[in-house]
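Subject: Structure handover

Hi,

Here is the structure I promised you. Please open it first, then read my notes below alongside it.

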Amino acid sequence: MIKKIIVSSCLLFSLAIFAQEGTSSAYSYYGIGDIKFKGSIENRSMGGISVFPDSIHINIQNPAHLASLKLTGFALGGTYANTKSKTETQEAKARRTSLDYMVIAVPVGKVGIGFGLIPYSSVGYKIQKNIYDINTSVNPYDTTRVQYSKYSGTGGVNKVFMGFGYRLTKKINIGADIQYNFGTIETTNLRYQIFPLLQYGSRENNVSDLRGVNIDLGITYQTKVKSKHSFFSSLSFTPQAELTISNTRNIEIVQLLSTSAISVIERQNIPVLDTKIKLPAKISFGSGFGEVKKWLLGGEISFINNSVMSNRFNDIQGATFENSIRYSLGGFFIPNYNSYSNYYKKIVYRGGLRYENTGLVIQNKSITDFAATVGLGMPLSGTFTNINIGLEIGKRGTKYYNLVEENYINLSVGLSLSDKWFVKRKFD
């Protein structure tokens, strides 16, 4: 088990090395970036629902599920994202590879203990804007670029967490986890005027270091409805928390060289205030019905108090935040989990739908996100280890009203390793 963990970590981290940015969204300019999905590939492939308990797969969306584990587990996953962004006049494509989570969980009697590393938000954008002047007196089709602007940002917020789940009764689990949030966000705004007598441009560089703590609370319920069928429900709550942000800014006088490189002529540090930003409270409720180890179907709804959010700097304008809601529907099907003759019957087939109002409002337009998901859970022969593959196809935003429409395809791959630890030997 230890060797599998080491090898798996090396493989997935080798993918993550090539991606310093976990997103390519222009909307990550606002707030603290794109808020990432907190969950495994198994959950994500079912539209994001977290209602189902599992004895071998780690569920990190609701800490109460940790008490359902029967085996020690190690899970990690990563995503290759392909995004096509477009406005009414332009289109652009971007690709990113990111590490989504790395978690270890250990069952100890009625208690399940989990800890790991997951991203909370991600910033990654590159936006270029050109302004042209039309010389109609000479030629109505002759244009000259007179202003060049480029905006870029990288970084995000990560969190390390430790969670506990406790089996209160045969039907009820409770749980809680504590999370330490940390990260750095770097943004650059370059402006360059092109006139015969104007040789230099200006560049603004901002760095924000973010720190803070928050907690999650959860409870789950499971009961038999008939001899084969079961009913599941879950409730999780994240209280409002706060991030402390240390900000620095400098302004540079720059020269754009013929090679498109930037030469810094002069730099000056500008004092800016340190700020605090609130992490919104969130409450999620879900329920499901099905036959254990055969099929399950469930839904979940989440309410998020995004109206308390704000931007890192007070001079960032053009966006506000509102309370948001997310709907998820999904499930899975296993033809025959105990089949010895047909491997395909042991595969877990997953699917789901997700719709959410992200809470971001630009030019009085709420930014929404819709996605369809499918996935496969492929067990390795003779073990409790699974390779999980998920595909998510969705759209965020709109190309109208001078906004950006993002059409994305996310391919996720993860490993779920499970084994029994701390077994006392009966023979030496």
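This is a predicted model: local features need pLDDT of at least 70, side-chain atom pairs count only at pLDDT 80 or more; totals for chains, interfaces and linings use all residues.

Strands S2 (72-86), S3 (91-108), S4 (111-134), S5 (143-167), S6 (172-193) and S7 (201-224) each supply at least two residues of its lining. Which strand gives the most? That is S4, with eight residues. The space in the largest pocket comes to about 1500 Å³. Its lining counts 46 residues, and the closest to the centre are Ala 26, Ile 127, Gln 128, Tyr 151 and Val 404. By class, the lining of the largest pocket has 15 nonpolar, 16 polar and 15 charged residues.

Now the second largest pocket. Its space is about 1300 Å³. There are 47 residues in the lining, and Asp 54, Ser 55, Ile 56, His 57 and Lys 293 lie nearest the centre. Which elements give two or more residues to this lining? They are helix H2 (41-44), S6, S7, strand S8 (229-238), strand S16 (348-362) and strand S17 (365-379). S7 gives the most to the second largest pocket, with three residues. The classes here are 21 nonpolar, 17 polar and nine charged.

The structure holds three cavities of 30 Å³ or more. The second largest cavity has a volume of about 50 Å³. Ile 58, Asn 59, Ile 60, Pro 63, Leu 66, Val 103, Gly 114, Phe 161, Gly 163 and Asp 177 line it. By class, that lining has six nonpolar residues, three polar and one charged.

Next, the salt bridges. How many does the structure hold? The count is 15. Take these pairs in turn.

- Lys 84 and Glu 91: their side chains meet in a salt bridge, with N to O at 3.5 Å. Is Lys 84 buried, exposed or partly exposed? Its relative accessibility is 32%, so Lys 84 counts as partly exposed. Glu 91 has a relative accessible area of 55%, so Glu 91 is exposed.
- Glu 252 and Arg 267: this salt bridge has N to O at 2.7 Å. The pair links distant parts of the chain, 15 residues apart. Glu 252 sits in strand S9 (residues 241-256), and Arg 267 in strand S10 (residues 262-270). Glu 252 is buried, because its relative accessible area is 3%.
- Arg 396 and Glu 406: the closest N and O atoms of this salt bridge are 3.0 Å apart. Arg 396 lies in strand S18 (residues 386-397) and Glu 406 in strand S19 (residues 405-419), so the pair ties together parts that are ten residues apart in sequence. Both residues, Arg 396 and Glu 406, are buried.

Some salt bridges join into a network. Its members are Arg 44, Asp 100, Arg 354, Glu 356, Asp 369 and Glu 392.

Glu 252 comes up again with Arg 203. A polar contact of 2.7 Å joins the side chains of Arg 203 and Glu 252. Where is Arg 203 found? Look in strand S7. Why does Arg 203 count as buried? Its relative accessible area is 18%, and buried means under 20%, so Arg 203 qualifies. Leaving aside neighbours within four places in sequence, Arg 203 is in contact with Thr 188, Asn 189, Leu 190, Asn 250, Ile 251, Glu 252, Val 254, Ile 262 and Val 264. The C-alpha atoms of Arg 203 and Ser 149 are separated by 9.5 Å, yet the two residues are 54 residues apart along the chain.

Last stop: Asn 43. Its place is in helix H2. Is Asn 43 buried or exposed? Asn 43 is buried, because its relative accessible area is 6%. A polar atom of the Asn 43 side chain lies 3.2 Å from the backbone oxygen of Ile 49. Which residues is Asn 43 in contact with, leaving aside its neighbours within four places in sequence? They are Phe 37, Gly 48, Ile 49, Ser 50, Asn 59 and Gln 61. Asn 59 also belongs to the lining of the second largest cavity.

Best wishes

Terms used: Residues are numbered from 1 along each chain as its sequence is written. Side-chain values use heavy atoms; hydrogens and water are left out. On a 1 Å grid over the protein atoms alone, a cavity is a set of points where a 1.4 Å probe fits but cannot get out, and a pocket is an open set with protein on both sides within 12 Å along at least five of seven lines; lining residues have an atom within 4 Å of a point. Grid points are joined across faces, edges and corners, and a volume is the space filled by probe spheres set on the points. Helices (H or I, at least four residues) and strands (E, at least two) are DSSP runs, numbered from the N terminus. Ala, Val, Leu, Ile, Met, Phe, Trp, Tyr, Cys and Pro count as nonpolar, Asp, Glu, Lys and Arg as charged, and the others, Gly among them, as polar. A salt bridge is a side-chain nitrogen of Lys or Arg within 4 Å of a carboxyl oxygen of Asp or Glu. Buried means under 20% relative accessible area, exposed over 50%, partly exposed in between (1.4 Å probe, protein chains only). A polar contact is a pair of N or O atoms within 3.5 Å; within protein, one must be able to donate a hydrogen and the other to accept it, and residues adjacent in sequence count only if both atoms are side-chain atoms. Contact means heavy atoms within 4.5 Å.
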